[in-house]
Amino acid sequence: MDNTQSINGETPKKMSKLKQSFADFFLTLYNINKFILRFFREAFVPPFELKEVVRQCYEVGVRSFTLISVTGFIVGVIFTKQSRPSLSQFGAESWLPSLVSIAIMRALAPLVTALIASGKVGSSIGAELGSMRVTEQIDAMEVSGTKPFKYLVCTRVLATTLTIPILSTYTGFVALFGGYLNVTQNEGTTWTTFIQEVFEPLTFTDFVASLIKSIVFGFTIGIVGCYQGYNSSKGTEGVGKAANGAVITAMFLVFIEEVIIVQITGWFR
Amino acid sequence: MKKAAIQADHSNPVISIRGLKKAFQDYSVLRGIDLDLYQGENLVVLGRSGTGKSVLIKIISGLLKPDAGQVEVLGYNIATISEDELQALRIRIGFSFQNSALYDSMTVRKNLEFPLVRNRRNLTRGEINTNVEAVLDAVGLSQTINQMPSELSGGQRKRIGIARTLILNPEIMLYDEPTAGLDPITCIEINDLINEVQQRYNTSSIIITHDLTCAKQTGDRIAMLLDGQFQRTGTFEEVFATEDERVKPFYDYNFIK
């Protein structure tokens, strides 16, 4: 009889660790849900922190603008370049603008924007709030009779939810411009023809779906960054963990949401 | 500066604590504390690091929830109070943090305005400026109004932290280690400021410290927290008139015996 497991107690130890991880996972899920509900309870009840929302929108936009411009342009150029050989095999290079527009507007623009914003904005929110938690600035707001959740969390989540769709639209146009440069260089297509071919296959559902996707991504990035920072543990290590956790969790959720939204919008096409 | 004699109103406790218990996981920090803070007095809570002094004032301000016991602040039971009532109560309590907890993305002016504009929404710009200038003047730091917290010294940060609490005219002040990490001269200045606040704003205060000079200069009454309970309470002289080995080293270390 193999008594190894019962003798050294490794299996029960692993089992209890696994149980603990499961418990922690569901506890985190519960806490995130509570956090989201609190956001909806507080965000739309006066007094509003409009000035801070506008300031945060500016911060989110400025923080990501350069990186999004460069990445969007490169995505447009590369995607067009990589798609050409496949279409050439069937003599269908003229479909390139349509293919590029569908790919960029339906999927790439919101996804690329969300991933970049997760890194730039999500980590920054996580670190900023984490640092405020560690240095007791959030406690100081609380004991002075103000509402730190409203001032710090609601404003940032609203800012990402409002700004990321705008950034995503911008990314789409920059990527299309990158695609146009590649197409016009190879096929000599004019700007007018390119634009006509770009918008021809796109439907109203595509624009709405893309917009909804960006709103959901923006909300996710904001809420995850704020959750990680607002609940960060004491110490500088906690700040690092909050920033890191904000990026990883937001990116993971963005991919899952992408899959779900693509499935749902597929039913309406 | 020698502390001016203040007559505390012993018939009127502004904070009344009975049987307060608080534990973190298996470690019991506060083990059934009884305490009264009377109107107009400075009460110093002394104790070793990790004995739950800061936990006590965090419970009083509603930042932590007690496990058991009753904590009554200005007539409200902290354990059963609603969120809105707690927020209204907090305006009447000033909390000076150990590391000052200034909002480091805001100037001194914005730090002071932050609680004011959110709690007194009907104030005009002129009234806000007057209030800010008045508290800055009270802590003697008018010249720092447009500076960022990172540009201030430790002592200045403490003073601005105190000014930020004073701007709401609190009835109770809670000081968490007000002299920690400061040089002796700045410590004396902070002690003087604590006494000045008591006289000028007629506050009742709890001062958490293990600095006996601070305790002697600011305290009307001292309460010594040992093993999760207040073992000795009285004037400075009464508390240290003992051969208790848990108390004596405090005095000997601070006054280099």
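## Terms and origin of the model

Strands are runs assigned by DSSP, of at least two residues, and they are numbered from the N terminus. Two of them pair if DSSP finds at least two bridges between them. The model discussed here is predicted.

## The sheet of chain B

In chain B, six strands form an open sheet with the order 6-7-8-3-9-10, and the pairing within this sheet is mixed. Strand 6 (93-96) and strand 10 are the edge strands of the sheet in chain B, each pairing on one side only. From one strand to the next, the twist averages 20 degrees.

Strand 9 (residues 221-226) of chain B runs parallel to strand 3 (residues 42-47) of chain B, and five bridges join the two. One residue pair can be located directly: B:Leu43 has B:Arg221, in strand 9, as its bridge partner.

B:Leu226 has its bridge partner, B:Gln229, in strand 10 of chain B.

These two strands of chain B make a hairpin with two residues between the strands. Within this hairpin, B:Asp227 takes a positive phi near 50 degrees.

## The surroundings of B:Thr165

B:Thr165 belongs to helix 5 (residues 154-166) of chain B. Is B:Thr165 buried or exposed? A residue counts as buried if 20 or more other C-beta atoms lie within 10 Å of its own. B:Thr165 has 26 C-beta neighbours inside 10 Å and therefore counts as buried.

Leaving aside residues up to four places away in sequence, B:Thr165 touches B:Gly94, B:Phe95, B:Ser96, B:Pro170 and B:Met173. B:Pro115 lies 50 residues from B:Thr165 along the chain, and the C-alpha atoms of these two residues are separated by 8.4 Å.

## The contact between the chains

How many residues does each chain bring to the contact? Chain A contributes eleven residues and chain B contributes 17 residues. On the side of chain A that touches chain B, three residues are nonpolar, five are polar and three are charged.

Terms used
Residues are numbered from 1 along each chain as its sequence is written. Chains are lettered from A and ligands numbered from 1 in the order in which they are written. This is a predicted model: local features need pLDDT of at least 70, side-chain atom pairs count only at pLDDT 80 or more; totals for chains, interfaces and linings use all residues. Two residues are in contact if their C-beta atoms, placed from the backbone, lie within 7 Å. Ala, Val, Leu, Ile, Met, Phe, Trp, Tyr, Cys and Pro count as nonpolar, Asp, Glu, Lys and Arg as charged, and the others, Gly among them, as polar. Helices (H or I, at least four residues) and strands (E, at least two) are DSSP runs, numbered from the N terminus. Axes are lines fitted to C-alpha atoms, for helices over the stretch in contact, and angles run from 0 to 180 degrees between N-to-C directions. A residue is buried if 20 or more other C-beta atoms lie within 10 Å of its own, exposed if 12 or fewer, and partly exposed in between; C-beta atoms are placed from the backbone.
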